[in-house]
Amino acid sequence: MALVSLTNVTKSYPSPERGGAPVVAVDDVSLDIEPGDVYGIIGYSGAGKSTLVRLVNALEPATSGSITVDGRDLTTMPERELRGIRLGIGMIFQQFNLFGSKTVQQNVAYPLRVAGASKSEVDARVAELLDFVGLADKARNYPDQLSGGQKQRVGIARALATSPRLLLADEATSALDPETTHEVLQLLKRVNREFGVTIIVITHEMDVIQSIATKVAVMDGGRVIEHGDVFDVFSDPQNPSSARFVSTVVKGIPSPAELAVLRERHEGRIVTISFRDGDASQAAVFLELGAAGLEFELVYGGINDIQGRAFGHLTLAIRGADAAIDAALASIGSRVDVTEAA
Amino acid sequence: MDRLIELQGEFWVAAVETLYMVGLTLLFGGIAGLLLGVALYTTRPGSLLSNRVVYNVVNVVINFFRPIPFIIFIAAVQPLSRVVVGTGIGNNALIFALSLAASFAIARIVEQNLLTVSPGVIEAARSMGAGPIRILVTVVIPEALGPLILGYTFVLVAIVDMTAVAGLIGGGGLGTFAQVYGYRQFEPVITWAAVLLIVVFVQGVQFLGNWLARKVLRR
């Protein structure tokens, strides 16, 4: 059973102008998030992804549709009960949102106190968590004495304090430099693997998805326009908007401008062949082109690795008789994806 | 100078009276102002316990009373003072009027300072399942404590200033002392003695406030 299940969820806000149409932030979204997933939700700012994640822990009530977490429907639940649900869902933020008036230790202890844990339980759990995030020596420091990466690690420790099954990460690395981003993502990966915590990662950075997500949903204008396994969406995006996101990290597909340059520089027909793990091998494709008596050269391309599975795009300039090229491409095209530049 | 030495006893009594009026006003006005300010903050639209009716009522009441010049306010609340403290004159009547006036000013200062707490921090507390009252007490107020202390220090200095008109309704304190023995009897030394003591007092309060705020803010 899905851990989080959204069915036809819509969230709209009253129009800022009197009498105007309501602003729809999340538009008829249905998603299932399975236990153990690291589910990435990507979109440009204003796409509705931050609102969507706030519906999952009911910080914002949905306008319509149903949201269940662990089989319990949040949309009909009274506020008091929702607090109990939130206690079982961790959340981390772009700006960390640590309590500046409390020490690292007190920050991590906060949700435990809300949960009503005894002092000895709190102390033991806080020590364990600070150890896990590698900040045991900073227990008595205040947040303003920490670096950005350290702050987010405290945020993660705090979010995990009550041993939630679900962690929501709202642009958790967007305020961090690339190296710190990597550290924080590795930590989230460990959280997922070692504690089996399901994570929903909101981001506008495709490489965040590439490095930790197993599933991804692409949002645009409040809607989920494409979702599925990260490998599938990355290797073969179905929607132009997701293709644009994918192109920010996937190497190998020439842009129209680059195609023009390639055509100028190389004779023959420019063809992009896309390989996916498990499809025909590159060697078989090259052998077939050679056997057809065609001359070709590799002019552009790249191979990507997503969670141990490879896919790539190779652009070739092929020379020879048109009929022979057509025949060869038709034969190859039955096994791999072939696109000829117009 | 001789006159000042002669009036030494009265001078120190007046100083103690000022301290008495300031102290009790800070206590009553401070608590009432804190409650009013917290009410404004929490009932504001979109806040922890947003309630348009309560917010508007408190807001209008404060806006109505706050601009009234204190010297007129004392006279205006005199009937109420007779009911509440049993007298319309003297130090206690002044404390009553001053507490009331100060609580409106403090309410605004409390509201403003609570509003500086980042909404993200409040959202974080909500995401951990904390309820509104817990968030107010364990997050919002502690996060705003430094500026709150400075705000109260500011008000405290204003209260010292306002106690000086106690003489209007037969109250004592350094203001009355300076008027009665200094101004009216052409004894500038007496007036300046009162001024100096008030300056010392205000400096002390400000120093203490800054020190406390620094300690809380750790900078």
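This is a predicted model: local features need pLDDT of at least 70, side-chain atom pairs count only at pLDDT 80 or more; totals for chains, interfaces and linings use all residues.
Residues are numbered from 1 along each chain as its sequence is written, while chains are lettered from A and ligands numbered from 1 in the order in which they are written. Chain A comes to twelve helices and 14 strands. Chain B has eleven helices and zero strands.

**Chains overall**

- Helices (H or I, at least four residues) and strands (E, at least two) are DSSP runs, numbered from the N terminus.
- Chain B reads α-α-α-α-α-α-α-α-α-α-α along its sequence.
- The C-alpha atoms of chain A fill a box of roughly 80 × 55 × 40 Å along the principal axes.
- For chain B, the C-alpha box along the principal axes is roughly 70 × 45 × 25 Å.
- A residue is buried if 20 or more other C-beta atoms lie within 10 Å of its own, exposed if 12 or fewer, and partly exposed in between, with C-beta atoms placed from the backbone.
- Buried residues make up 42% of the 342 residues in chain A. In chain B they make up 42% of the 219 residues.
- Two residues are in contact if their C-beta atoms, placed from the backbone, lie within 7 Å.
- Take contacts in chain A between residues at least 6 apart in sequence: 67% of them join residues at least 24 apart. For chain B, the corresponding share is 69%.

- Two strands pair if DSSP finds at least two bridges between them.
- Axes are lines fitted to C-alpha atoms, for helices over the stretch in contact, and angles run from 0 to 180 degrees between N-to-C directions.
- Strand 11 (residues 269-276) of chain A pairs with strand 14 of chain A over four bridges, in the antiparallel sense.
- Val271(A) stands opposite Glu340(A) of strand 14.

**Sheet 2-1-4-5 of chain A**

- Another open sheet of four strands has the order 2-1-4-5, with antiparallel pairing.
- Its edges are strand 2 (23-33) and strand 5 (72-73) of chain A.
- Strand 1 (residues 4-13) and strand 4 (residues 64-69) of chain A run antiparallel and are joined by five bridges.
- Thr7(A) has Ser66(A) in strand 4 as its bridge partner.
- Helix 1 (residues 49-56) of chain A packs on this sheet, touching strand 1, strand 2 and strand 4 of chain A. The direction of helix 1 makes about 60° with that of strand 2.

**Hairpin of chain A**

- Strand 9 (residues 215-220) and strand 10 (residues 223-229) of chain A pair antiparallel over six bridges.
- They form a hairpin with two residues between them. Gly221(A), in the turn, has a positive phi of about 60°.
- Asp220(A) has Arg223(A) in strand 10 as its bridge partner.

**Helix 5 of chain A**

- Helix 5 (residues 148-160) has 13 residues and should span 18 Å at 1.5 Å a residue; its end C-alpha atoms are 18 Å apart, which agrees. The expected span is 1.5 Å times one less than the number of residues.
- Eleven of the 13 residues are buried. Among them are Arg153(A), Val154(A), Ile156(A) and Leu160(A).
- The buried residues pack against strand 6 (89-93), helix 3 (104-114), helix 4 (119-132), strand 7 (166-170) and helix 6 (178-195) of chain A.

**Domains of chain A**

- The assignment gives domain 1 (4-88 + 164-247) and domain 2 (256-340). Domain bounds come from an automatic or database domain assignment.
- The centres of domain 1 and domain 2, taken over C-alpha atoms, are 36 Å apart.
- Each domain gives six residues to the contact.
- Helix 8 (residues 230-235) of chain A gives the most to the domain 1 side, with four residues.

**Contact between chains A and B**

- The contact takes 16 residues from chain B and 17 residues from chain A.
- On the chain B side, helix 7 (119-127) and helix 8 (132-143) of chain B give two or more residues each.
- Helix 7 of chain B gives the largest share, six residues.
- By class, the chain B side has seven nonpolar, four polar and five charged residues. Ala, Val, Leu, Ile, Met, Phe, Trp, Tyr, Cys and Pro count as nonpolar, Asp, Glu, Lys and Arg as charged, and the others, Gly among them, as polar.
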